Amino acid sequence: MQLYHHPYSLDSQKVRLALEEKNIDYTSFHVNPITGKNFDSNFFRMNPSAKLPVFQNGSHILYDTVEIIQYIERIAVVSSGGDNPTLSSSEVVEWMHKIEQWNPKFFTLFHLPVKYRLSVSAFLRRVIIARMAESPKLASAYHRKLREAYETEDKMRDVEVLRRSEDHLERILDEAESKLGGTTYLVGDEFTLADVMFIPILSRLVLLNLEEKYISTRPNMAEYWNMVQQRPSYKKVIGRYFRGWRRQRTLLKTWCYVQIRRLLRRY
């Protein structure tokens, strides 16, 4: 089994947490979306959406995050060989889809420093154009991604886009806060795949320096956040890249790569 992913990708974090929690072995391939590696022809031919993660098991390829995680769960159930294997309850699945409906893309972009966002956006457009020239058979798919990039920049000028994203996030957080008032985890007192989906959202808020606004103001969630950070899966998937000084190292490494490639005009 192969997973194409990157620590920057929130959905990649969800899938990796599931793999670690279920103790499933897999081969890891890093595909950095900020440096445009998801537009390399070999990956783009397999996945023209260029989105992460991609999970492959033989000829079976999955792109949807919830589908991947449920597939991982089924593998874990079969591998356990237990007498009474069980899959996630309907409430857990409902939470998984509820969390997945919130798209972090514009929320994240709006909270990045404008200088960095515009610089990376311009770099990625150049990358797409360069890959298009190298792989003319994929030109139409690359052109769609280029058009999407320009449409994204247009939407970034509309503050209503941010407001809708914030409102959606607040509704999820408020409901989670209410649930955590009576349970240890999102669905009961045992860690489930609903938590696997939820933890990366809290991590993203911390990465964007929004912990005080969105987490600390919700006491049940703040306690939950402190607790889940102690899980080995969190430390391996997220903490090793974004906790404390590691965050600066991870971000600086990518930023330097983008700037050097821009200066050398090597896309």
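# Reading contacts and exposure by rule

Mentor: Start with Glu170 and Arg218, whose side chains meet in a salt bridge with N to O at 2.5 Å. The model is predicted, so local features need pLDDT of at least 70 and side-chain atom pairs 80 or more, while totals for chains, interfaces and linings use all residues. Numbering runs from 1 along each chain as its sequence is written, and side-chain values use heavy atoms, leaving out hydrogens and water.

Trainee: Why is the contact of Glu170 and Arg218 called a salt bridge?

Mentor: The rule asks for a side-chain nitrogen of Lys or Arg within 4 Å of a carboxyl oxygen of Asp or Glu. Here N to O is 2.5 Å, so the pair qualifies. Glu170 lies in helix 8 and Arg218 in the loop between helix 10 and helix 11 (219–228), so the bridge ties together parts 48 residues apart in sequence. Helices here are DSSP runs of H or I with at least four residues, strands are E runs of at least two, and both are numbered from the N terminus.

Trainee: How many salt bridges does the rule give?

Mentor: The count is 14. One of them joins Lys98 and Glu175, at 2.6 Å from N to O. Lys98 is in helix 4 (residues 90–100) and Glu175 in helix 8 (residues 159–180), so this pair links parts 77 residues apart in sequence. Glu175 counts as partly exposed at 34%. Asp11, Lys14 and Glu100 are linked in a network of salt bridges.

Trainee: What separates Glu148 and Lys145 in helix 7?

Mentor: About one helical turn, because they are 3 residues apart in that helix. Their closest N and O atoms are 2.8 Å apart, so the pair forms a salt bridge. Glu148 is partly exposed at 35%. Lys145 has 11%, so it counts as buried.

Trainee: What makes Lys51, Lys105, Lys155 and Arg164 a patch?

Mentor: They gather as positive charge on the surface. Patch residues have over 30% relative accessible area and no salt bridge; like charges are joined within 9 Å, and nonpolar side chains within 5 Å. Lys155 has 43%, so it passes the area cut-off, and it is partly exposed. Lys155 sits in helix 7 (residues 139–155).

Trainee: Why is the pair of Tyr8 and Phe242 called tilted?

Mentor: Rings of Phe, Tyr and Trp (its six-membered ring) pair if their centres lie within 6.5 Å; planes under 30 degrees apart are stacked, over 60 edge-to-face, and the rest tilted. Tyr8 and Phe242 have centres 6.1 Å apart and planes at 45°, so the pair is tilted. Tyr8 is in the loop between strand 1 (2–5) and helix 1 (10–21), and Phe242 is in helix 12 (residues 232–242), so the pair ties together parts 234 residues apart in sequence. Both residues are buried.

Trainee: What is the pair of Trp225 and Tyr234 called, and why?

Mentor: Edge-to-face, because the planes are at 90° with ring centres 5.6 Å apart. Trp225 and Tyr234 are both buried. The structure holds 15 aromatic pairs. Tyr185, Phe191, Phe198 and Tyr224 form one aromatic cluster.

Trainee: What makes some backbone angles worth a look?

Mentor: Most residues other than glycine have a negative phi, and most peptide bonds are trans. Ala50 is not a glycine, yet its phi is positive, about 65°. Ala50 is found in the loop between helix 2 and strand 3. At 6%, Ala50 counts as buried. Asn209 also has a positive phi, near 60°. Asn209 lies in the loop between helix 9 (193–207) and helix 10 (211–216). Its relative accessible area is 60%, so Asn209 is exposed.

Trainee: Which residues does the cis peptide bond join?

Mentor: Leu52 and Pro53, with omega about 0°. Pro53 lies in the loop between helix 2 (41–46) and strand 3 (54–57).

Terms used: Accessible areas come from the Shrake-Rupley method with a 1.4 Å probe; for residues, only the protein chains shown count as cover. Lys and Arg count as positive and Asp and Glu as negative; His and the chain ends are not counted. The place of a charge is taken as NZ of Lys, CZ of Arg, CG of Asp or CD of Glu. Buried means under 20% relative accessible area, exposed over 50%, partly exposed in between (1.4 Å probe, protein chains only).
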